[in-house]
Every structure is written in C-alpha cells, then in structure tokens.
Amino acid sequence: MAFFGKNKKGEPGAAPLSGEIILPRHVGIIMDGNGRWAKKRGLPRKAGHREGAQTFRTITRYCSELGIEYLTVYAFSTENWKRPADEVGALMGLFKSYLKEALEDFKDDDIVVRFIGDKAGFSPELQELMRENEESSRHRDGMVLNIAMNYGSRDEIVRAVKRICAQVQDGRLTDADVTEQLISDNLYTAGQPDPDLIIRPSGEYRISNFMLWQSAYTEFVIMNKLWPDFTKDDLNEALRIYAQRNRRYGGV
Ligand code: IPE
Ligand code: IPE
Ligand code: MG
C-alpha cells in the first residue's frame, strides 16, 4: 500500500511521511462488539469473544508490520466482572489459552507484551502467565503491545494518587513535585507516549473508562463494525481518517 510508511522510532508526535500518510505512534483500540456479533448469528456470547481473539491477533500483527510503535488494546475492564459468571468464566478460559499459545506468535514480530490493569484480580495461574509473557518479551525491540486487562482508568488514577501520597508522606516528594508529568509517570503507561488515535468499533460513542488521563488530546475514530468483523482495511480507513485530522492541542 503506497500510502503507508514506517514511523521513525523515538520521534515526538507522528512522523510526516512524504507521499505517504502520517502514522500515529500510539494507537488504542476498544475491542467492542463481540457479544452483538454472536447474537446476530444466534451463537453464545463466548463464540463472539473467540472470534474477537482472532481479530486481535490479525490486527496486532498488522499494526506491527505498519510500524506502529505502541498498540493498546482494551480486553477486559474493571466493570466487566459484572457480567454473568459463565461469560466471565469463558473470557478467563480464553485469556488462559491465549496467553499460553497465541502470544508465542508475537515472537516472530519482535513484539513487546505488557499488561496494564490490576493483575491481582486474576487467578494465580493467569497472573503467572502474564508475568511470563512480559518477562520473555522484555528484551525485544519491536512494537509495544499493552493488553488492558482488569483495566479501568479511574482505578489507574486512584492507584497513581495513592502512590504519590505515600511518597509525600514519607518525605520523598513535596506538594511542589506533584505535576502532570508525575501523574503520567505513575500510570500503567509510564514512559509511553499518549495515544494519538483511539478506535472504537461497534458504533458506540463512549470511552468506557479507557485511558482517561492519556487521551486528553487523542483523536477518536468510531467505526460501525463489530470487532470480530474488523479487518485490516478497516484499520487502514481509521488511519486515513486520522491522517486528515488537524490536531491543534488548544492552539490555533
Ligand atoms: C467486547 O465485546 C469484549 C469485552 C468487553 C470483554 P462485548 O462483549 O462488550 O460485546 P457487545 O458490546 O456486548 O456486543
Ligand atoms: C469496553 O466495552 C471494555 C472492553 C472492550 C474491554 P464494554 O462493552 O464493557 O463497554 P460498555 O458497557 O458498552 O460501555
Ligand atoms: Mg460491549
């Protein structure tokens, strides 16, 4: 595809590409619509999650091929525990088999796997799998893939505030040290650029507790496709829409 090109690592903001499009450095995806996809076919919701996991695999690899530097996918929110036990159970089963097998795929693409969210909410077995995946991919130098699991941005901000309070209390920090940067540095995404683009498939116009702090100036693209139906072409379209946006950051 002529209009795509590699982004330059370490460059602030998206790199302009002559004759090609401007790629975001950091893309977030709210992987939504699995349940509706299954319902449309008269299948149980878990069938939609299984299909959604395949889309995740395809789109992650594609982002890495394009030269996206950071991809954050929202897989399970702090609110998703409210769902019926059999659906939550099916999702946990899927995460387990996925973390055991499919993440191996990312080896060839040199993808660094990170989990953002409260790992303590998961079973010891899942926590261990998450740790192993992070550990074994740490040395790689390809795209960073953040998998948001038991992630809620309000929870993330509360956790950051508590960490900062503890440091103020024991005298390592003073009030004057509390800055926007310090808050960013205490989020799960510490050290990473804010997302340039967040894509929400399934046509819902809401953020659902995803990267609230980090998305202050993120461009949003809502797409009318359910996540299991989402294709590389849909991603291309979102990237094209992003490239046409005029980001002003409050300036003129
Ligand atoms: C997203 O799909 C996956 C998770 C939230 C785990 P949904 O399960 O929310 O699908 P819909 O929105 O009900 O169609
Ligand atoms: C957001 O989707 C969470 C994930 C995709 C993991 P939800 O389906 O949970 O969000 P709401 O309930 O429609 O806001
Ligand atoms: Mg949903």
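The model is predicted, so local features need pLDDT of at least 70 and side-chain atom pairs count only at pLDDT 80 or more, while totals for chains, interfaces and linings use all residues. Residues are numbered from 1 along each chain as its sequence is written, chains are lettered from A and ligands numbered from 1 in the order in which they are written, and side-chain values use heavy atoms, leaving out hydrogens and water.

**Around ligand 2**
- The residues surrounding ligand 2 include I30, M31, D32, Y74, N80, R83 and S208, where near means a heavy atom within 4 Å.
- By class, this shell around ligand 2 holds five nonpolar, two polar and four charged residues.
- Strand β2 (residues 70-77) gives the largest share of the shell, three residues; strands are DSSP runs (E, at least two residues).

**Polar contacts of ligand 2**
- An oxygen atom of ligand 2 lies 2.6 Å from a polar side-chain atom of S208; a polar contact is a pair of N or O atoms within 3.5 Å, and within protein one must be able to donate a hydrogen and the other to accept it, with residues adjacent in sequence counting only if both atoms are side-chain atoms.
- For N80, the distance from a polar side-chain atom to an oxygen atom of ligand 2 is 2.9 Å.
- For D32, the corresponding distance to an oxygen atom of ligand 2 is 3.2 Å.

**S202 and D32**
- S202 belongs to the loop between β5 (197-200) and β6 (219-222).
- The side chains of S202 and D32 are joined by a polar contact of 3.0 Å.
- With a relative accessible area of 8%, S202 is buried (under 20%, using a 1.4 Å probe and protein chains only).

How values were computed:
Helices (H or I, at least four residues) and strands (E, at least two) are DSSP runs, numbered from the N terminus. Ala, Val, Leu, Ile, Met, Phe, Trp, Tyr, Cys and Pro count as nonpolar, Asp, Glu, Lys and Arg as charged, and the others, Gly among them, as polar. Buried means under 20% relative accessible area, exposed over 50%, partly exposed in between (1.4 Å probe, protein chains only).
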